[in-house]
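This report looks at one helix and at the charged pairs in and around it. Please keep the sequence and the model in view while reading.

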Amino acid sequence: MNTRILVVEDEEKLARFIELELIHEGYEVKKSGNGREALETALEEEFDLVLLDIMLPGLNGLEVLRRLQKEKDVPVILLTARDAVMDKVSGLDAGAVDYITKPFAIEELLARIRVALKFHAPKKEQPQADAALQEGVLVWGELSLNERSHTVRYAGHEIFLTNREFLMLKTLLENRDIVLSRDTLLNRVCGYDFAGETNIVDVYIRYLRSKIDDVFHVKMIQTVRGVGYVIKSEEA
């Protein structure tokens with residue numbers, strides 16, 4: 001069965017162009033130019049990925065995304081003319097796996113689609129390993145991150161993180177004592193590089209520090225000036 005993609009874009013020429021390119025790549029495509037109709041279609045049918053414009057008639061793209069995320073586990077890539085960092089953060093925090101700004105090269109869009117589909121594909125069962133690894137639990141002092149339940153706790157207190165915050169923390173914990181650059185963090189967390197927009201990493205680091213470091217009076221995420229960020233094996 002071909003990979004199904006729902007293209008939600010009210011600019012008919014752009015939507016048709018994307019549709020033809022996706023069909024050429026072997027994808028099965030369905031289009032919608034109205035937010036409310038697109039939401040109904042996405043909920044009623046099964047898709048492997050959704051390309052979603054933000055500025056839509058009927059229902060705003062971000063609202064479509066929020067409602068869809070409550071019902072379906074499907075990767076969503078946002079398409080928009082907006083280029084402000086906080087707009088990107090809002091979209092990612094709402095549940096999008098990626099965010100591409102118009103105008104874009106079709107090769108870049110296709111690459112991001114491949115990455116999103118790859119990272120969202122069901123994980124194969126791994127052979128037996130030690131208990132901590134098998135359970136997908138990362139521990140740092142009194143903090144524990146459980147990948148399976150997607151929860152983070154510190155001394156028994158649950159810390160509520162967005163998907164991107166969770167992935168950022170997980171990446172840092174998996175690479176303790178290794179200083180990760182902003183580019184590396186974007187690549188590891190998002191699966192591609194936000195060229196020229198690595199300050200998005202700083203935004204998420206600030207969010208994590210406000211929820212963990214500031215609340216529990218620890219210095220977990222350390223800044224290495226001019227290089228990036230690191231979590232040391234032992235608390236500072």
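## Basis of the values

The model is predicted, and local features need pLDDT of at least 70, side-chain atom pairs count only at pLDDT 80 or more, while totals for chains, interfaces and linings use all residues. Residues are numbered from 1 along each chain as its sequence is written, and side-chain values use heavy atoms, with hydrogens and water left out.

Helices (H or I, at least four residues) and strands (E, at least two) are DSSP runs numbered from the N terminus. Helix H5, residues 106-120, has 15 residues and reaches 21 Å from its first C-alpha to its last, close to the 21 Å expected at 1.5 Å a residue, where the expected span is 1.5 Å times one less than the number of residues.

The buried residues of H5 (under 20% relative accessible area, with exposed meaning over 50% and partly exposed in between, for a 1.4 Å probe and protein chains only) are Ile106, Leu109, Leu110, Arg112, Ile113, Ala116 and Leu117. They cover an arc of only 165 degrees around the axis, which puts them on the same side of H5; the arc is that of the directions from the helix axis to the C-beta atoms. On the other side of H5, Glu107, Lys118 and Phe119 are exposed. The buried residues of H5 pack against strands S1 (4-8), S3 (49-53), S4 (76-80) and S5 (98-101), and against helix H1 (12-24), contact being heavy atoms within 4.5 Å.

## Salt bridges involving Arg112

A salt bridge is a side-chain nitrogen of Lys or Arg within 4 Å of a carboxyl oxygen of Asp or Glu, and a search of the whole structure finds 19 of them. Aspartate 98 forms one with arginine 112, the closest N and O atoms being 3.2 Å apart. This pair links distant parts of the chain, with aspartate 98 in strand S5 and arginine 112 in helix H5, 14 residues apart. Aspartate 98 is buried at a relative accessible area of 2%, and arginine 112 is buried at 8%.

Arginine 112 also forms a salt bridge with glutamate 108, with the closest N and O atoms 2.5 Å apart. Both residues lie in helix H5, four residues apart, about one turn of the helix, and glutamate 108 is partly exposed at 32%.

Lysine 102 forms a salt bridge with glutamate 11, the closest N and O atoms being 3.5 Å apart. Lysine 102 lies in the loop between S5 and H5 and glutamate 11 in the loop between S1 and H1, so the pair ties together parts that are 91 residues apart in sequence.
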